[in-house]
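Trainee: Could you walk me through this structure, one step at a time?

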Amino acid sequence: MHYLNGGTAVPLFVPPRPFERGVRGRPTLVANVETLANVALISRHGAGWFRSLGAPDAPGSALVTVGGAVRQPGVYEIALGTPLRDVLALAGAAGPDVQAVLAGGYFGSWLAGRQALDAPASQPGLRAAGASFGAGILLVLPPGGCGLAETARIVRYLAGQSAGQCGPCVYGLPEIAAALEEIAFGSGGRNRWAPRAVRELSGLVEGRGACHLPDGVARLAASALRVFAEDVRHHERGPCAGSRGRPVFWVPEDHDE
């Protein structure tokens, strides 16, 4: 919207929010295609029809993207509130094959396997489990994968996506990425300081950007330290076999190389 109003293509601090003053100073609605499609169908068939699927606290259906260590990655339509184990099964993932799930995509949070499988696939259900539905992205980490290495690679990618206008992004995110890389790939006990650095840096960047990129990185990093706490201790002796193996999750740098 700033670009449409003649400015540079960078986010602005709020308020005012877009629905208060947006393009040409007028209230502006920003919605994704799925939301607009649901509005059209509700208008045609009624609210009762929409609520016939889903859970009482999360009615309707949603499109979810399932990826990572699954046999059939892709986009699936589900009734909101469906247990995550059933959602992942659509893509060919069984419970024993799931070490952890990154719920909400790269701005989301990690859930340990059993906790993830029992969680309902909805915003209230995943929030209660300690994650978020976000953009409806679920990424599966297999038993042999290293969640710390995957997180370090993702955060390094996110650190390079800054608009370059806020200190928390420009300076904070690369430092968080470096500390996570030390945890995942460092050796000889030199990485013992890194978990504390991640926590301190996350507290410094969270809530201080014009957009929520720093918040997403802080949330992802905190969940990795929590879910993979035992792995963090093991990594003090050096990288695990999973961190030296082929990455499970895709980031653009991998594709470009």
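Mentor: Gladly! Two strands pair if DSSP finds at least two bridges between them. Strands (E, at least two residues) and helices (H or I, at least four) are DSSP runs, numbered from the N terminus. This is a predicted model, where local features need pLDDT of at least 70, side-chain atom pairs count only at pLDDT 80 or more, and totals for chains, interfaces and linings use all residues. Residues are numbered from 1 along each chain as its sequence is written, and side-chain values use heavy atoms, with hydrogens and water left out.

Trainee: Which residue in β7 is the bridge partner of Leu 102?

Mentor: Strand β5 (residues 100–103) and strand β7 (residues 137–141) run antiparallel, joined by four bridges. Within β7, the partner of Leu 102 is Leu 139.

Trainee: And which residue in β6 is the bridge partner of Ala 100?

Mentor: β5 also pairs with β6 (residues 109–112), in the antiparallel sense and over four bridges. In β6, Ala 100 has as its partner Ala 112.

Trainee: Are the residues of β5 buried or exposed?

Mentor: In a regular strand, side chains alternate between the two faces of the sheet. Here Ala 100 and Leu 102 point one way, while Val 101 and Ala 103 point the other way. Buried means under 20% relative accessible area (1.4 Å probe, protein chains only), exposed over 50%, and partly exposed in between. All four residues named are buried.

Trainee: How is α6 oriented relative to α7?

Mentor: α6 (residues 147–159) and α7 (residues 167–185) pack at about 160°, with axes 8 Å apart. Axes are lines fitted to C-alpha atoms, for helices over the stretch in contact, and angles run from 0 to 180 degrees between N-to-C directions. Angles under 35 degrees count as roughly parallel, over 145 as roughly antiparallel, 65 to 115 as roughly perpendicular and the rest as oblique. So α6 is, relative to α7, roughly antiparallel.
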